[in-house]
Amino acid sequence: MKINPSYSSAELTTLLKQKNSEAYEYIFDKYAGALLELIANIVPEEEVLTTLEESFLTISQSIGDYDPNKCRLFTWLLQITREVALQKRKYLKTKLSSTNNGAIAGLIGKLNNEQQEIVQLHYLNGYSNEDIAKQLNISPATASEKIKTALSNLNSLL
Amino acid sequence: MDIKAYIASGIVETYVLGMASPAEKAEFEKLAEIYPELVSARNEFELGLEEKAFANAIPPPFEVKERVLDLISQEAAVEAVKRIMYEESNPPPVRKISSMRWAVTTSIVLLVGSLTFIYWLYTKNQQLKADIAQSKETLEQLDQQKRSFEEATLPENSSAKQVKVITPETVPATINVFWDSTNTHVYLVIRDLIKLAENEKYQLWSITKGKYQSLGLFDAPDNDKLVLKLNNSQQAEAFAISIAKKLQVEPSKADTTH
C-alpha cells in the first residue's frame, strides 16, 4: 500500500497544473469517492464510472483555470464534476430522479419539501431558473430568490 | 453594504455549489476582496461540505483509478506534443510583435534610405546633365576655335616638316608648307599673295617623282594669309604655284628642292 504524500494546497495546485501523475493519484484517492456520490445522483448507474473518468479528464484539462484564492480545491472539483455530469444527463436525456444518498444529496434531502424539490431540480437535474419558474408557475426572479433562500439553509444543516 | 444580509441571502452556498450566475459570481469575488467575513463564510461552508462529503464516500474501483490516471498521462503527453507543435508553428506573440516592429522599423529605414538615395541620384543626374551641356558647349567652342585655328594657323604638330614651294618669279609670295607626317594632310600657309587680274587664277601643283599634278585653282585671299589644307595621299615631294590664265595651264620653271 502506497502512503499518500502530504501536500500544501499551493503545492498540490502547482503539481496538478504541471500534470504531475502522483498529484492526480493523490486527488483521486482523496476526492473520487465524494465526487462519485454526486455523479450517482445525476446520471444513471451504468454511466457513473465513465462520467467519473470524464470528470477527471476535464479536471486535468481545466486545471489551468483554477484559482486557489477563489475557492478550495474540492469546491472546484465538485463544480467541474457537477457540470460534466449534468452535460452527460442532458446528452442521455435522463429523467432520473435524485435520491437522498450521498453527502450533498443527503444534505439537500434535509430541506423542507418545497425547497428540496427546487434545489434538486436546479442542482442535480440541471434546471435553469426559467425552467423552475415554468415548472412552479412563478417568475424567474422569484425562482432565483427561492433557490437562494433554500440554499441558505444548507449551511445550518451541515 | 450590509455584508451580513448578503451572506445570509444564500449567495455563499450558491457560489460554492457552482450555481451562481456569471454576474453574481463576479460580484461575490469582488466583495470577497473587500470583506474578510465573506471569505470566512465561504471557507466555513466549503469545509463543512468537504467533511460531510468525505464521511461516507465509497472509493471507486481500482481499475477506474488506473484508467483515469492513464488517460490523464496520455492527455498530458498529447498536450505536450501539441504545445511543442504549436510553439514550433507559432512563435510566441511577444516575439511576433517585436519581429513585426523590427520589420516595420527596418522598412521605414530602408524607405527613407531609398528616398534619400533617389533624391541624391536625381540631383546628381541634373548636375551631370548640366555638366554635359556645358561640356558640349565647350566642345563646340573648342571645335570652332580649332576650325578657325586650322584655317588661320598651323597645327602645333612636332611631326610637321617644312618643304619648299616653287613660285613664279612674278609672285612675291612667302609660302610655307607644313606636312603632317602622321597623316596625309599638308598645310600651305601663303602670305603676301598679290591680287591677280580677273582672268587669272593661282594654280596649285604637287610634284611627285618629277611629275606635276594640279590640285586646283584659287584666288588670292582678302586678308594677308591663306591656309590651304590639302590631302597629300600621293606623297608629293614639292608643291608649285603657278598663275593660270583662263584655266590655261602653264607651269613655270620648276626648281625641285626639298
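Is Phe28(B) buried, exposed or partly exposed, and how many other C-beta atoms lie within 10 Å? Phe28(B) turns out to be partly exposed, because 19 other C-beta atoms fall within 10 Å; with C-beta atoms placed from the backbone, 20 or more such neighbours make a residue buried, 12 or fewer make it exposed, and counts in between make it partly exposed. The model is a predicted one, in which local features need pLDDT of at least 70, side-chain atom pairs count only at pLDDT 80 or more, and totals for chains, interfaces and linings use all residues. Residues are numbered from 1 along each chain as its sequence is written, while chains are lettered from A and ligands numbered from 1 in the order in which they are written.

Phe28(B) belongs to helix H2 of chain B, residues 22–34; helices (H or I, at least four residues) and strands (E, at least two) are DSSP runs numbered from the N terminus. Leaving aside residues up to four places away in sequence, Phe28(B) is in contact with Ile11(B), Tyr15(B) and Ala20(B), a contact being a pair of residues whose C-beta atoms, placed from the backbone, lie within 7 Å. Val12(B) sits 16 residues from Phe28(B) along the chain, and 8.2 Å separates their C-alpha atoms.

Turning to chain A, its secondary structure consists of nine helices and zero strands, giving the order α-α-α-α-α-α-α-α-α from the N terminus on. Chain A has 158 residues, of which 40% count as buried. Among its contacts with a separation of 6 or more, 62% join residues 24 or more positions apart.

Two loop residues of chain A deserve a look at their backbone angles. Lys93(A), in the loop between helix H4 (73–92) and helix H5 (103–108), has a positive phi of about 55° although it is not a glycine. Asn137(A), in the loop between helix H7 (129–136) and helix H8 (140–152), likewise is not a glycine and has a positive phi, near 60°. Lys93(A) is exposed, since 6 other C-beta atoms lie within 10 Å, and Asn137(A) is exposed with 6 such atoms within 10 Å.

The contact between the chains takes 36 residues from chain A and 35 residues from chain B. On the side of chain A that touches chain B, the elements giving two or more residues include helix H3 (48–62) and helix H6 (113–124), and H2(A) gives the most, with nine residues. The residues of this side comprise 18 nonpolar, ten polar and eight charged; Ala, Val, Leu, Ile, Met, Phe, Trp, Tyr, Cys and Pro count as nonpolar, Asp, Glu, Lys and Arg as charged, and the others, Gly among them, as polar.

Notes: Two residues are in contact if their C-beta atoms, placed from the backbone, lie within 7 Å.
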